[in-house]
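Work through these exercises with the structure open. Try each task before you read its solution.

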Amino acid sequence: AQDAALRLLAAAGFEVALLGDLCCGALAAHTGDARRAQVLALRVREAFGRERAQLLLGATPGCLGTLRAALPGTRVEDVSAFLDAHADALRFRRLPMQVALHLPCTQVNVARAGDAVQRMLARVPGLRVTTLPTQAQCCGAAGSHILEFPQRAAAYREKVLASLPQPAPDLLLTSNIGCRLHLAAGLHQRGTKLRIEHPLVLLARQLQDDAHG
């Protein structure tokens with residue numbers, strides 16, 4: 001997703017600097033390790049300060065709340081929402097495909113970018129998108145919840161997977177890495193060979209190269 005975001009941002013005309021392989025500290029906070037969470041937040045602040053950037057973009061909405069807490073007074077946005085605001089510079093190749101879109105609760109409630117993701121996907125000609133009727137509800141991953149309460153996490157996941165349209169779509173899209181791993185495990189248990197990926201990956205793959213049309 002990071003590489004896809006970089007390609008889309010470059011195509012939209014933006015210069016991007018990477019903070020590096022840094023954890024935001026959300027998982028440490030979820031498990032009650034406040035000291036570890038503070039150390040990780042400090043690393044994020046220091047790395048962002050060195051870049052002298054104007055804003056911080058995140059491709060995983062589950063990190064946004066923690067990043068905003070780590071960088072008070074800094075503009076921290078979901079990259080899908082940022083791209084949606086500058087999407088007139090982007091062109092996409094036609095893709096006659098049926099996809100299902102899962103909107104993680106963090107995408108809707110924290111990033112508030114669910115509509116932005118749908119608008120970006122609507123820019124791909126021929127792409128047919130069915131948004132699962134579970135937005136703003138947890139799929140069961142929820143940071144450490146998947147590890148601490150696996151049975152409950154699996155029950156929440158089943159509600160999401162039960163809402164998949166029939167016949168099955170060609171692809172399942174979701175933006176949060178925890179959701180992708182959790183849902184992928186559920187699909188595997190069902191014996192369902194449905195590919196799952198970040199919406200930005202699809203968008204970057206369909207990005208039209210002006211040099212070749």
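**Exercise 1.** In S2, which residue is the bridge partner of Leu57?

Solution. The partner in S2 is Glu77. Now place the strands. Strands and helices are DSSP runs, numbered from the N terminus; a helix (H or I) has at least four residues and a strand (E) at least two. S1 covers residues 55-58 and S2 covers residues 75-78. The two run parallel, joined by four bridges. Two strands pair if DSSP finds at least two bridges between them.

Before going on, note the ground rules. This is a predicted model, where local features need pLDDT of at least 70, side-chain atom pairs count only at pLDDT 80 or more, and totals for chains, interfaces and linings use all residues. Residues are numbered from 1 along each chain as its sequence is written, and side-chain values use heavy atoms, leaving out hydrogens and water.

**Exercise 2.** Find the order of the four strands in the open sheet.

Solution. The order is S4-S3-S5-S6, with parallel pairing. Look at the edges: S4 (127-131) and S6 (196-197) each have a single partner strand, so one side of each lacks a neighbour in the sheet. S5 (residues 171-174) is joined to S6 by two bridges. Leu173 stands opposite Glu197 there.

**Exercise 3.** Trace the salt-bridge network around Glu197.

Solution. A salt bridge needs a side-chain nitrogen of Lys or Arg within 4 Å of a carboxyl oxygen of Asp or Glu. Start with Arg195: its side chain meets that of Glu197 at 3.2 Å, N to O. Then take Arg205, whose closest N and O atoms with Glu197 are 2.7 Å apart. Shared partners join Arg195, Glu197 and Arg205 into one network. Now check burial. Buried means under 20% relative accessible area, exposed over 50%, partly exposed in between (1.4 Å probe, protein chains only). Glu197 is buried at 10%. Arg205, at 32%, is partly exposed.

**Exercise 4.** Is Arg180 buried or exposed?

Solution. Arg180 is buried, yet has no salt bridge. The nearest side chain of opposite charge, Glu197, is 8.4 Å away. For charge, Lys and Arg count as positive, Asp and Glu as negative; His and the chain ends are not counted. Finally, locate Arg180: helix H10 (residues 177-190) holds it.
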